[in-house]
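Hi everyone, thanks for coming. Let's look at the structure together, and I'll talk you through a few spots in it.

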Amino acid sequence: MTSPDPDTGLLAPGWAGSPAASAASDGALLQALLDAESALTRVQARSGLAPAGAAEAVAGAAHADRFDVRSLADRARAGGNPVIPLVADLTQAVGEEYGPSVHRGATSQDILDTAMMLVAVRTLEPVLADLDRVQRALARLAAEHRDTVMPGRTLTQHAVPTTFGLKAAGWRALVLDARDRTDAVRSALPAQLAGAAGTTAAFTAYGAQDPLALTAAFAQELGLRAPDLPWHTLRTPIADLAGCLAFTAGALGKIAADVLVLGRTEIAELAEGSGGGSSAMPHKANPVRSTLIAAAARRAPQLAATLYGSMAAEDERPAGAWHAEWEPLRDLLRLVGGAARDTAELTEGLRVNVDAMRRHLGLTHGLIVSERLSAELAPVLGRARAKELLTELARRTYTEGRSLSELLAQEPQLKDVDLGELTDPARYTGSAGALTDRALERR
């Protein structure tokens with residue numbers, strides 16, 4: 001029996017099988033490390049710092065399937081990072097003639113930081129595509145249900161009427177915020193190439209006339225931004241990634257939280273398009289997509305906190321702060337990638353129970369519009385009397401099981417008031433429609 005692959009996500013159904021799982025896998029990270037090494041040799045060969053044949057030799061050897069990722073992981077313990085054994089293996093694979101051109105002038109952090117940025121860029125591409133799927137699905141729901149009235153809830157209780165269109169438009173606004181932040185961060189991710197202590201001195205020693213131009217060419221070769229300064233211990237790129245990923249997880253988590261509440265059996269205003277089964281209860285259709293998204297939203301802030309904590313990095317390369325970033329950053333990328341995929345599936349298949357929403361507006365026997373009645377009856381009865389009357393009638397609606405409009409109709413002073421219109425929840429949604437329209441103007 002072969003030993004299991006530790007990178008399959010057996011306990012991570014939220015990201016297993018997602019594009020993010022592939023883009024941030026051990027194999028993908030290994031390929032990103034090799035891509036960084038190959039790009040370094042190419043730009044050095046073009047600059048005359050390495051033999052012309054070295055670039056082709058390194059590129060020919062720099063394929064992840066030619067290397068033993070498990071062996072690299074085991075040997076990484078000796079030096080504290082996987083670049084050291086990888087450079088040894090790549091040098092051997094390139095051969096004696098061009099082996100000395102591998103990794104010339106670079107330090108391990110140059111290659112690993114650059115590879116992590118490549119992994120981030122490659123993982124965020126499908127994330128952005130899935131966020132676009134989500135916003136399109138939510139735009140459709142918001143437009144379709146612009147005037148679908150439902151109970152607004154605050155502190156778990158019915159408050160005043162709102163519309164499902166406005167709720168869906170609000171979800172979409174968060175998703176667009178996440179998309180914009182993610183796109184901006186992805187576009188700004190930099191390469192790293194500055195040598196042992198961030199001075200680029202080794203490249204000068206190997207003959208570079210302009211090491212900063214070499215760094216810029218290296219970044220361009222990989223499709224990354226050229227950094228203004230070496231960022232070995234200036235971890236703005238990592239902090240920016242942490243922030244946008246945690247924000248995105250929270251934005252998607254808000255949608256999941258609402259669906260989980262509104263999808264409860266006794267509420268049933270929303271339902272996932274295809275629920276998951278139970279190992280014990282055949283009748284269950286569990287909200288699996290929402291559950292996995294909610295789980296990601298709970299984990300993301302703590303992972304981001306580790307990355308923020310690693311900013312306090314001493315010297316020109318820290319002992320531990322840099323090393324603490326690798327796993328939480330990859331976990332964040334995979335979590336958010338999986339959550340984006342699941343949210344796309346959730347919103348594209350979401351079922352809206354309009355009848356249940358309408359039915360629930362009457363659960364408080366008309367009290368859901370008591371705020372409006374307070375304002376409308378004050379000129380008729382006087383402010384103090386209106387408040388006193390509504391407080392008393394609210395008590396009676398609960399104790400007697402009668403509707404608020406029925407009790408109000410017994411008040412002689414209100415015989416000329418159109419109580420049917422005043423107590424209709426659909427007539428008290430404020431600017432919900434206009435707000436939904438405004439939100440949908442955003443592209």
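Predicted model: local features only at pLDDT ≥ 70, side-chain atom pairs only at ≥ 80, totals over all residues.

**A walk through the chain**

Where does T163 sit? You'll find T163 in strand β2, which covers residues 157-163. Is T163 buried or exposed? T163 has a relative accessible area of 2%, and the cut-off for buried is under 20%, so T163 counts as buried.

Now let's zoom out. The chain has 18 helices and 4 strands. Its radius of gyration is 30 Å, well over the 22 Å from the globule rule for 443 residues, so the chain is more spread out than a compact globule. Along the principal axes, the C-alpha atoms fill a box of roughly 105 × 50 × 35 Å. Even so, 49% of the 443 residues count as buried. As for contacts with a separation of 6 or more, 77% of them are between residues 24 or more positions apart.

A word on charge: there are 45 positive and 53 negative side chains, and the centres of these two sets lie 6 Å apart.

Next, helix α7, residues 164-188. What span should we expect for α7? At 1.5 Å a residue, its 25 residues should span 36 Å, and the end C-alpha atoms are 37 Å apart, which agrees. Several residues of α7 are buried, including F164, W171, V175 and R179. Here is a handy rule: an α-helix has 3.6 residues a turn, so residues three or four places apart point the same way.

Also in α7 is R186. R186 is partly exposed, with a relative accessible area of 24%. Beyond its neighbours within four places in sequence, R186 is in contact with V121, L124, E125 and L128. Have a look at R225 as well: R186 and R225 are 39 residues apart in sequence, and their C-alpha atoms are 9.7 Å apart in space.

R235 is placed in the loop between α9 (211-222) and α10 (236-262). R235 is buried, with a relative accessible area of 3%. Which residues does R235 touch? Not counting residues up to four places away in sequence, R235 touches Q109, D113, Q192, S310, M311, W322 and E325.

That's my tour, thank you!

Technical notes: Residues numbered from 1 in each chain as written. Heavy atoms only, no water. Helix = DSSP H or I, 4+ residues; strand = E, 2+ residues; numbered from the N terminus. Expected span 1.5 Å × (residues − 1). Buried < 20%, exposed > 50% of the residue type's maximum accessible area, 1.4 Å probe, protein only. Rg over C-alpha atoms; globule rule 2.2 N^0.38 Å. Contact = heavy atoms within 4.5 Å. Lys, Arg positive; Asp, Glu negative; His and termini not counted. Charge placed at Lys NZ, Arg CZ, Asp CG, Glu CD.
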